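Dear colleague,

Please find below the structure that I promised to pass on to you. My notes on what turned up in it follow directly after, and I would be glad if you could read them with the coordinates open.

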Amino acid sequence: MLVEITKINKEEVTVVTSLDVAETFGKRHSDVLRDIDHLQCSDEFTERNFALSSYKDISGKSNKMYYMTRDGFTILVMGYTGETAMKFKEAYIRQFNAMEKVLIGKMKEREKGIAVRQALTNALQQSQENDRMHGHAYSTYTNVVYKAVFGKNAVQLREEYRITKNDNLRDFFSEEELKKVQNVEMLISGLVGCGWGYDDIRDFVLKQSKLQLSA
């Protein structure tokens, strides 16, 4: 069983796949797909709780699957009966609860991050760093942040997560990673405000990150 976090209608939610449901409940995936297609839910409920996707089988062929939220999962497996099925339902609910706590933690850190990023943007503007870097100060310093936390710049992280420029990179960070990113951004904001230049800030921040990793 695997409950994860993904986006449905541009909103991060906890989900499980139809593939996982089929495997866990000992059903053919085609039967689970049929059950979903025959649920007769309202269009609004279906759009909010089921997302059509695809996966590739061992032959490389692309096949249909669904992501479903806790509510979608509940509606789907309501008719799955028996002692074993009930144990699986309870286990899924526990996983949904655990992952929703993780998601809430991420959302809280994302909210904090808005103010932190604004403070960094203001510090860069007031120091005229943005003018000196021809409008690229924020992205330049953000790469320093990512190098300090992940050892990679934004382009390398996007390649690792296999996402495009249209995706928000921070959606893929864990709660703990978001906290680390914000701590480095606050440090840089303070150093910029004290009049430090880019080279000195970059060297100092990266040196501090190496010291923390070796501690």
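E175 forms a salt bridge with K179, their closest N and O atoms lying 3.7 Å apart, where a salt bridge is a side-chain nitrogen of Lys or Arg within 4 Å of a carboxyl oxygen of Asp or Glu. The two residues sit 4 positions apart in helix α9, and E175 and K179 are therefore separated by about one helical turn; helices here are DSSP runs of H or I with at least four residues, strands are runs of E with at least two, and both are numbered from the N terminus. E175 is partly exposed at 28% relative accessibility, and K179 is partly exposed as well, at 31% (buried means under 20% relative accessible area, exposed over 50%, and partly exposed in between, with a 1.4 Å probe and protein chains only). Elsewhere, salt bridges with shared partners join R28, D31, R34 and D35 into one network.

Before going further, please keep in mind that this is a predicted model, in which local features need pLDDT of at least 70 and side-chain atom pairs count only at pLDDT 80 or more, whereas totals for chains, interfaces and linings use all residues. Residues are numbered from 1 along each chain as its sequence is written, and side-chain values use heavy atoms, with hydrogens and water left out.

A search of the whole structure finds 16 salt bridges. One of them joins the side chains of K87 and E83, at 3.8 Å from N to O, and these residues are 4 apart in helix α5 (residues 83-126), which means that about one helical turn separates K87 from E83. E83 counts as exposed, at 59% relative accessibility. Another salt bridge joins D171 and R110, at 2.3 Å from N to O; D171 lies in the loop between α8 (154-161) and α9 (175-193) while R110 lies in helix α5, so the pair ties together parts that are 61 residues apart in sequence. Both D171, at 11% relative accessibility, and R110, at 17%, count as buried.

If residues up to four places away in sequence are not counted, I188 touches L120, Y141, V144, V145, I201 and V205, a contact being heavy atoms within 4.5 Å.

F25 is buried at 12% relative accessibility, whereas F88 is partly exposed at 25%. Ring pairs also link F25, F73, Y80, F88, Y92 and F96 into a cluster.

Q128, in the loop between α5 and α6 (129-132), has a phi near 65°, a positive value in a residue other than glycine, and R162, in the loop between α8 and α9, has a positive phi of about 55° although it is not a glycine. Q128 is exposed at 55% relative accessibility, as is R162 at 79%.

As for the overall form, the protein has 10 helices and 4 strands, and 37% of its 215 residues count as buried. The C-alpha atoms fill a box of roughly 65 × 35 × 35 Å, taken along the principal axes.

Definitions and conventions: Phe/Tyr/Trp six-rings, centres within 6.5 Å; stacked < 30°, edge-to-face > 60°.
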